[in-house]
Structures are given as structure tokens and as C-alpha cells.
Amino acid sequence: MQTQNSVTNLFLSSGVPGLDEVLAGGLTRDRLYLVEGEPGTGKTTLALQFLNEGARLGESVLYITLAETAVELLSVANSHGWSMEGIHIEEILPNEDVLDPEQQYTIFHPSEIELGSTTQRIVSAIDKYKPRRVVLDSLSELQLLAESPLRYRRQVLALKQYLTSRSCTTIFLDDRTALSTDLQVRSVAHAVLTLDLADQAYGTDRRRLRVVKYRGIAFHGGAHDYKIISGGLQIYPRLVAATSRVSGARRQLSSGLPALDQQIGGGLEEGMSTLISGPPGTGKSTLAAQFVHAATQRGEPCAMFLFEEARNNMLNRAAGLGLRLNEAIDRQLLTIQQIDPAELAPGQFSHAVMQAVERGARVVVIDSLNGYLNAVPDERFLSIYLHELLTYLGQRGVVSIIVGVQQGMIGSGMTTTVDASYIADNVIMLRYFEAQGEVRQAISVFKKRGSSHERTIRRFQIGSGGIEVGPVLKDFHGILTGVPTYDGPGGGRAAG
């Protein structure tokens, strides 16, 4: 099996961003490919991108349409801002005579006449233009004309041999609208690509591409998210962390708060993921912003992905606490991307994070885990998606920080969305507790890989001067329950 295209002249670029990566480099020349999917999945758009790439390289390209008119194809191209210059279009459509009862066949079945005529027109168009890239749209028309599976298979095999003998790289489109689902062409094609459109209960539909087969190539398997945007299809290859291992020395990154650094054992190690967990309002996002502020002050690039809080609100709140994130943005050390979970596919988000890392980001913040959950249609796969992403970041030596909101405010009944021990190397816990007539906050480090850390619980508060991590709360017992007992002088009674 080939794992990459070592002989580049044997392969063609598909012209679709991300697809060549999924196909381990591109399309093998002079082969037949099947792209299948229900109407609306983007088959025509993908085909036009394939032909546009050929036209850009100066190749002769041909679009043979058995269903859509040239005007409809031009309309699709115009919607994406493409010029159809250099793309030959051959319409092989039934003429208007079929509407005249006197012109209809009486002795012979229409398929016996029309199949041979259609095939001859296809062959004539190929002989006329001598293309290097060909698209045939769609196979459903041929299947309906052939009627029997045997006749249909022989017709497709004959076309395959004819096109291959003339050095054509061909894409057959199948919209699955024929009377029966037929796998004949799958067995004949060199590679099969399936486009799928999944309905969602809320938000945008989710589109996925899957390579069913690709002979002789170790392609990137599984389902890959894609979107149809202005400019065509954009494929987001499924993230596989195992292919991105990078080794190197790991440093500890300071939070910029000496007391917190002491509590977490000197700082957060590169390549480690940290979950900041706690109920709403305890300062989780502010603490994440503190790590980003400290990193940008050292000149280290960072990236933040916000699922809940508006970008402008977060920047204004940080500025009020003395965290100069706007300055970091101006110095191009920080990118902040606001995410709409209803419009996001998991693969698209992973792609955005990977791009940030490729631009040099050393700290990545995901705020919050609950917002990320809403971006994944099926909750069962949240931990898998996130674990793969965090593994990728870890292998790149990136410090990743995830904000997780706990359900509940005070007490032992608070719950988290996913298993923190599975997704995170470090866990920092923020909690409310009642003491001396007021609601206070505490911070503790529940888990930390890579170095030792304090097992203490410290006072945590946010004021006009920013975050303050106070002394160890030695005089209280039961802080994590939310209603501690005061054990100081005159202790043995409930605090406050």
C-alpha cells in the first residue's frame, strides 16, 4: 500500500481543499472515480472544482451532463465566483420530441434506442475534445436506460475501458435516484467517495465525506466533516493525533501569579492539558485569561476559542482586571475566535485549532467544555473528539486549557459534563464556600501530571487589581462541601 505519493507525476490534484490530504496526496491519473451522494450533498460542486483545477493547469476538461443544463451549471459556477472558461460542457439531454405522442416509440422500448444513442454521443464528445479530465453527471440516467444490472455493468465497463485508453481521469457522479441501489460501479471504480448529509435537530446540517475504497493507497479513513462555502467544498480531514508526534524538551509556563505557581508546582508544563472546573461565576474564564496574559507578556503566541462569552465582552472584562489582551492582539501574539456551536462541525473546529498551532500558538484555551459539547451532535463521542484534539496539542508541546462548568453551586452534588480524569492531565478546581456571612471562593489543584503540587486549598478572589490567590485556608474544615467548619481559635462551630 502506498502511504504517500512518491511519484508525483502519477497523481492529480482534486482542486478541493483538504481532499488531497484525505486521499494521501491526490487522484491517480487515468483512473475512474465514483462520487456518490443524495441530491444536495455537493457532488456537482466537487466535480466543477476538479475540472477548474485542470483548466487552471492548461488541461482540456469536459463536463458531460445527462440531467442538468449548461445554464444550470453556469449558475452553480457563478454562485462560487468561478469562471467556466476552458471547461467544455456537453449536454446529452432528451429533446423536446419526447413530449409529442406521434414521435414516441411504439415497437421498440425507448431504452433500446436511447441507451445506444446516449453512449454514442458520449464517445463523440470525448473524441472531439480529447480531455484529460472528464465528469459524467449522472449515472442514474444510464442505469435507468440500461434497465438490467448486467447491461448496466457492461455499459460502465465499456466506458471505463474507453476512457482509460484515452488517458482520461474520470469522475462519475451518482445521485442515487435510480429505481434500485446498485453497487455495480463501486466494484468497477478505482476509488469511491461518498458524500453524506445528516439532519440535525437544531442548527446547520452536518456534511461528511467518507472514502469507501481507494485501490493501492493508504488513504485517511473514517468520516471527514466538510462544508459548502462560497468557493466550493472545504474538507476538514479527521484529526489523528498519532500522525503528529513531535518530541522536544518541555518547559513550565508561569501563570504570572507567584502564589498560584507555588500551588501548581511551578507552572503548567508544555504538552499538558489543564481543566479549570467550577460552578458559574467562580472566575474560570478569568483564570484562563490570566495564563494567556502571562504567556503573551513573555512573547509567546496564544489562541482562544470562545463558545459562550462574546469576544468583545471578554476583552472588556479582561481590560478591567489589568489583563492587556487587546495589546497582545495588536502585537499579533493572540487570536480570539468566537464559535457558534449551532453552525460548527467537530472537524471544522479541530481544523481551526490545528491552524492556530501551525501559526505558532503555544497556549490554546477552549472556553468552554459545555459549549464544545453543544458543537458535537452525539454526546457519546465528545470525550473521543476532545481526547484526540488534546493529544494532538500535547504532542505539539502546546499548553491547552479547557474551561468546564459544573452543574450546581454549593455542596457535594455538583457534577461535570465528562470524565475529567480521561480528558485532562491537570485539574484545577474553583469552589464557592460560605464563611463569616459572605460567599467566598477557593482554589485547589486536584490532579497534576508531570510534577508535584500542593494539596492545599487557598483563598481565591477577583478584584479591580485582578486575580489574588491568598494563603492556605488552614482554619477551615469541609470547604469543598460549601459550608465549612471553623477550626481556628474558639473553633468547633460552623463558620460565620
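**View 1. Y33 and Y214 are both buried.** Buried here means under 20% relative accessible area, with exposed being over 50% and partly exposed in between (1.4 Å probe, protein chains only). Y33 and Y214 also form an edge-to-face aromatic pair, 6.1 Å centre to centre with 75° between the planes. Rings of Phe, Tyr and Trp (its six-membered ring) pair if their centres lie within 6.5 Å, and planes under 30 degrees apart count as stacked, over 60 as edge-to-face and the rest as tilted. The pair links distant parts of the chain, as Y33 sits in strand β3 and Y214 in strand β9, 181 residues apart. Please keep in mind that this is a predicted model, in which local features need pLDDT of at least 70, side-chain atom pairs count only at pLDDT 80 or more, and totals for chains, interfaces and linings use all residues. Residues are numbered from 1 along each chain as its sequence is written, and side-chain values use heavy atoms, leaving out hydrogens and water.

**View 2. F305 and F349 form another edge-to-face aromatic pair.** Their rings are 5.5 Å apart centre to centre, with 85° between the planes. F305 belongs to strand β15 (residues 302-306) and F349 to helix α12 (residues 346-358), 44 residues apart. Helices (H or I, at least four residues) and strands (E, at least two) are DSSP runs, numbered from the N terminus. F305 has a relative accessible area of 3%, and for F349 the value is 0%. Look for F307 too: ring pairs link F305, F307 and F349 into a cluster.

**View 3. Nine strands form an open sheet with mixed pairing.** Their order is β5-β4-β6-β7-β3-β8-β9-β10-β11, where two strands pair if DSSP finds at least two bridges between them. At the edges are β5 (87-91) and β11 (232-236), each pairing on one side only. Strands β8 (residues 191-198) and β9 (residues 206-214) run antiparallel and are joined by eight bridges. Within β9, Y214 is the bridge partner of A191.

**View 4. Helices α2 (residues 43-56) and α3 (residues 70-79) cross at roughly 80°.** Their axes come within 11 Å; axes are lines fitted to C-alpha atoms, for helices over the stretch in contact, and angles run from 0 to 180 degrees between N-to-C directions. The two helices are therefore roughly perpendicular to each other, a label for angles of 65 to 115 degrees. T44, T45 and L48 of α2 meet L73, V76 and A77 of α3 in this contact, which means heavy atoms within 4.5 Å.

Conventions:
Parallel < 35°, antiparallel > 145°, perpendicular 65-115°, else oblique.
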